Amino acid sequence: MKKNNRVLAIFGNVVNFGQERSNTEVFKLLVDNGYDVLALVNERGFHWHLQPVFDKFHIPYKKIRYPWGIYKTASLFHILQWGIDILLNNVQFIYYYIKFKPNFIHCGNEYMFKCLFIPLILLRAKIIFRLGDEPVIKYKYNFLFWKKVIVKRVDTLVCVSSFIQGKVKECGRIGTTRNKDKVIYNFPPTRSISNVDKCKSDDFVLGFIGQISENKGVELLVKAAIVLCKKYSNIRFVFAGGTDDNPFADKMFTLLQKEDIAIRKRISFIGLINNVASFYENINVCVTPSIYHEALGNVIVEAKLYRKPSVIFPTGGMPELIHHCHDGYICKGKNIDALIAGIEYYIQSPIKAEEHGEKAFCSIKEMKLDYESYKAQWLDIYAC
């Protein structure tokens with residue numbers, strides 16, 4: 001083990017969505033390449049979703065206290081608890097920093113950086129900040145924190161898209177003497193897959209996979225699906241994502257109940273799925289109409305792996321992944337008419353969907369979305 005290969009990771013997340021999955025992939029990469037990694041994880045929620053992933057990847061971790069978010073409506077009790085959690089978080093972090101003696105600190109969450117900003121300012125290890133979400137700079141306090149603290153203290157900022165990097169530059173990260181800031185796109189996520197079953201159907205299938213929520217454009221897509229299913233008799237829509245205990249999903253079911261059963265049968269919500277390969281094998285086009293500023297869009301990268309073109313909205317970093325009318329379709333706006341036009345582009349020419357899917361797969365290497373390119377870029381970040 002080389003002396004400079006010690007990475008202490010700040011990782012207080014408790015879910016396993018895109019940001020969390022991407023950071024654990026970085027930790028796995030470092031472990032697999034001889035780095036001594038220690039992740040400081042959340043003692044109150046780590047076991048819910050993330051512990052099986054860390055155990056599978058053999059990523060060492062220690063549980064410490066992390067503070068939950070605090071809001072204006074919080075009671076005095078919750079404010080006091082938050083203050084205690086902040087103190088414990090800082091003390092335990094410093095303890096493991098002294099004990100582990102890292103050369104690098106890896107952070108992938110803005111809130112956690114803010115909670116630990118005092119020790120992060122004072123300690124000497126290089127800070128690698130992987131920014132998978134848009135920086136919170138809307139309010140003056142947050143903007144000043146970025147400009148005066150994060151921009152000046154972080155040694156290397158790794159952004160998941162040029163869109164995110166552009167937002168960071170608004171905080172003054174321009175003309176820095178640090179020359180290792182870079183954009184590293186996520187590679188298609190590693191998943192456990194079982195045998196792929198191809199459903200026998202002549203229908204043209206549009207698929208959505210992700211969180212069943214308003215921000216992901218699900219309501220617009222459901223309404224577009226209703227319109228298109230009334231117009232075309234040979235198409236189906238499949239939505240994959242959690243619907244249990246989801247009020248928004250219930251709203252979508254109520255919306256569909258107003259339609260004839262013949263329409264409802266062609267718009268399916270299949271819940272959470274384990275066999276992602278089977279999902280992609282049984283669709284023709286992936287539709288990802290996020291209406292908020294998505295940092296990148298892991299679903300688009302994954303669709304490329306399975307040779308499927310994507311229909312997307314022009315928002316956030318997602319358009320960076322698509323060459324319009326070459327390996328996907330970028331809608332002209334973020335509304336139902338633009339979405340219908342994008343979907344019809346492929347419904348009316350299924351051969352284009354097949355051709356663009358092949359081009360999408362080829363673009364993985366061209367855009368450095370493959371694992372080897374991803375690995376080389378991250379090892380360069382941690383090379384000194």
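Here is a short chat about side-chain pairs, charges and surface features in this predicted model.

User: Before we start, how are residues numbered, and which pLDDT do local features need?

Analyst: Residues count from 1 along each chain as its sequence is written, and side-chain values use heavy atoms, with hydrogens and water left out. Since you asked about the predicted model: totals for chains, interfaces and linings use all residues, side-chain atom pairs count only at pLDDT 80 or more, and local features need pLDDT of at least 70.

User: How many aromatic pairs are there?

Analyst: Rings of Phe, Tyr and Trp (its six-membered ring) pair if their centres lie within 6.5 Å; planes under 30 degrees apart are stacked, over 60 edge-to-face, and the rest tilted. By this rule, the count comes to 26 aromatic pairs.

User: Take F129 and W146: why does that pair get its label?

Analyst: Look at the two ring values, a centre distance of 5.9 Å and an angle of 15° between the planes. The angle falls under the 30 degrees cut-off, so the pair counts as stacked.

User: Which elements hold F129 and W146?

Analyst: Helices (H or I, at least four residues) and strands (E, at least two) are DSSP runs, numbered from the N terminus. The pair links distant parts of the chain, 17 residues apart. F129 is in strand 5 (residues 126-131), and W146 is in helix 7 (residues 140-153).

User: Are F129 and W146 buried or exposed?

Analyst: Buried means under 20% relative accessible area, exposed over 50%, and partly exposed in between (1.4 Å probe, protein chains only). F129 has a relative accessible area of 0%, and W146 has 0% too. So F129 is buried, and W146 is buried.

User: What kind of aromatic pair do Y345 and Y346 form?

Analyst: Both Y345 and Y346 are buried. Their rings sit 5.0 Å centre to centre, with 80° between the planes. That angle is over 60 degrees, so the pair is edge-to-face.

User: Which ring does the charged end of K28 sit over?

Analyst: A charge sits over a ring if NZ of Lys or CZ of Arg is within 6 Å of the ring centre and within 35 degrees of the ring normal. One case is R6, whose charged end sits over the ring of F100, 4.3 Å from its centre. For K28, the distance to the ring centre is 5.5 Å, and the ring belongs to F57.

User: K28 also has a salt bridge, so which residue is its partner?

Analyst: A salt bridge is a side-chain nitrogen of Lys or Arg within 4 Å of a carboxyl oxygen of Asp or Glu, and the structure holds 20 of them. Here the closest N and O atoms are 2.8 Å apart. The partner of K28 is D32.

User: Are K28 and D32 buried, partly exposed or exposed?

Analyst: K28 has 24% relative accessibility, and D32 has a relative accessible area of 46%. Those values put K28 and D32 in the class called partly exposed.

User: How many residues apart in sequence are the parts that K216 and E294 tie together?

Analyst: Their salt bridge has its closest N and O atoms 2.9 Å apart. K216 is buried at 14% relative accessibility, and E294 is buried at 12%. K216 lies in the loop between strand 8 (204-209) and helix 9 (218-231), and E294 in the loop between strand 11 (285-288) and helix 13, so the parts tied together are 78 residues apart.

User: Which residues does N142 contact, leaving aside neighbours within four places in sequence?

Analyst: Contact means heavy atoms within 4.5 Å. N142 lies in helix 7 and is buried, with a relative accessible area of 11%. With those neighbours left aside, N142 is in contact with K114, V136 and I137.

User: What is phi of R307 near?

Analyst: R307 is found in the loop between helix 13 (298-305) and strand 12 (310-312), and is partly exposed at 36% relative accessible area. Phi there is positive in a residue other than glycine, with a value near 60°.
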